[in-house]
Structures are given as structure tokens and as C-alpha cells.
Amino acid sequence: MSSDNQWSADEDEGQLSRLIRKSRDSPFVPVGIAGFVAVVSYGLYKLKYRRNQKISIHLIHMRVAAQGFVVGAVTLGVLYSMYKDYIRPRLFNVSKK
């Protein structure tokens with residue numbers, strides 16, 4: 001019963017340290033987050049100068065652009081991971097780490 005009450009190291013890990021650890025594992029995670037923040041920031045800045053466009057249409061375009069950037073970053077991350085795990089070892093006879 002006492003073993004159920006013990007904390008593991010993963011549960012003591014903070015959000016920032018978890019993000020840093022995951023960024024080392026897959027380097028395109030911070031690129032996706034930064035791109036998402038940049039697209040949303042730019043969209044909110046341009047919200048003031050949208051002319052005759054309805055606000056709902058502007059927000060839809062901003063959401064699609066942000067999602068597209070994140071999907072692109074995830075796709076690049078998957079391609080990089082596939083290259084690192086499958087293609088590079090065959091081409092250069094490099095063992096996995």
C-alpha cells in the first residue's frame with residue numbers, strides 16, 4: 001500500500017522541463033508552437049485593418065493558417081524522424097543511438 005503513495009520523477013516534472021525534454025526528442029514541436037503563435041499574433045494585429053471583411057471570416061482564415069502551419073511542422077517532424085530512423089542508417093551504415 002505504501003508503494004502506491006510514492007511519487008515518481010515524471011510526476012514531479014514541471015511543464016517547462018517537460019516541454020524542453022520533448023523538444024529534444026522532436027525538434028519540430030517548438031517550431032510548430034512558435035509558428036502558431038506568430039500566425040495568431042499577426043492575425044490579431046491585422047484584425048484592426050480588415051476593411052469590409054466580416055470578423056468571422058477573418059477568424060476562420062486565421063485559424064486555417066495557424067492549423068496549416070502546425071500540420072506542416074508535424075509533417076516535417078515525421079519526415080525527419082523517418083529519415084533519421086530508416087533512411088540514414090541504410091545509406092551510411094550508422095547504428096541507432
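This is a predicted model: local features need pLDDT of at least 70, side-chain atom pairs count only at pLDDT 80 or more; totals for chains, interfaces and linings use all residues.
Residues are numbered from 1 along each chain, and side-chain values use heavy atoms, without hydrogens or water.

**View A. The two listed segments.** Residues 27–45 are 95% helix and 0% strand, with the end C-alpha atoms 28 Å apart. Over residues 65–83 the chain is 100% helix and 0% strand, and 27 Å separates the end C-alpha atoms. Helices are DSSP runs (H or I, at least four residues), and strands are runs of E of at least two.

**View B. Packing of H3 on H4.** The axes (lines fitted to C-alpha atoms over the stretch in contact) of helix H3 (residues 28–46) and helix H4 (residues 55–92) come within 9 Å and cross at roughly 165°. H3 is therefore roughly antiparallel to H4 (angles over 145 degrees). The contact (heavy atoms within 4.5 Å) includes Gly32, Gly35 and Phe36 of H3 and Ala65, Ala66 and Phe69 of H4. By class, 14 nonpolar, five polar and one charged residues take part; Gly counts as polar.

View C. Two aromatic pairs are found in the whole structure (ring centres within 6.5 Å). In one, the rings of phenylalanine 28 and tyrosine 80 have centres 6.1 Å apart and planes at 65°, so the pair is edge-to-face (planes over 60 degrees apart). Phenylalanine 28 lies in helix H3 and tyrosine 80 in helix H4, so the pair ties together parts 52 residues apart in sequence.

Technical notes. Axes are lines fitted to C-alpha atoms, for helices over the stretch in contact, and angles run from 0 to 180 degrees between N-to-C directions. Angles under 35 degrees count as roughly parallel, over 145 as roughly antiparallel, 65 to 115 as roughly perpendicular and the rest as oblique. Rings of Phe, Tyr and Trp (its six-membered ring) pair if their centres lie within 6.5 Å; planes under 30 degrees apart count as stacked, over 60 as edge-to-face and the rest as tilted.
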